[in-house]
Amino acid sequence: RGNNYLERRQNRLSQTEFKRLPKRVMSRKLMKELNLATEPECVICMEKISNRQHMSIPCSQKHYFHIKCSRNWLTQKCKEPTCPICRENIRNRNRL
């Protein structure tokens, strides 16, 4: 594990960086704004992002995730801070 493990951990987002990511609250108004016919599904947990739930929109493709799911993915699970769908680098996209 040694150095390779430390390098991977250093590439993940810090909690401070995560707090800077764009976040929204799901609502009918937001669904209309984003041209969504139904509530989007978080691909990390495979559950719907329901009305009044907080979500993050970290990449330019406007992929949506529950806050808790994206925090876990970007700060603990991934090797690089990338969108789980399109693999866009979140740190570079948001200039963190």
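Modeller: Let's start with a strand pair: β1 and β4 (residues 54–56) run antiparallel and are joined over three bridges. Strands here are DSSP E runs of at least two residues, helices are H or I runs of at least four, and both are numbered from the N terminus; two strands pair if DSSP finds at least two bridges between them. Within that pair, R24 has M55 of β4 as its bridge partner. The whole sheet is open, with three strands in the order β1-β4-β5 and antiparallel pairing. β1 (23–25) and β5 (65–66) are the edge strands with a single partner each, so one side of each has no neighbour in the sheet. Strands of a sheet pair through backbone hydrogen bonds, either parallel or antiparallel.

Mind that this is a predicted model: local features need pLDDT of at least 70, side-chain atom pairs count only at pLDDT 80 or more, and totals for chains, interfaces and linings use all residues. Residues are numbered from 1 along each chain as its sequence is written, and side-chain values use heavy atoms, leaving out hydrogens and water.

R52 isn't a glycine, yet its phi is positive, about 75°. R52 is also exposed, at 70% relative accessibility (exposed is over 50% relative accessible area, buried under 20%, partly exposed in between, with a 1.4 Å probe and protein chains only). N35, another non-glycine, has a positive phi of about 60°. That residue, N35, lies in the loop between α3 (28–33) and β2 (41–42), and N35 is exposed with a relative accessible area of 71%.
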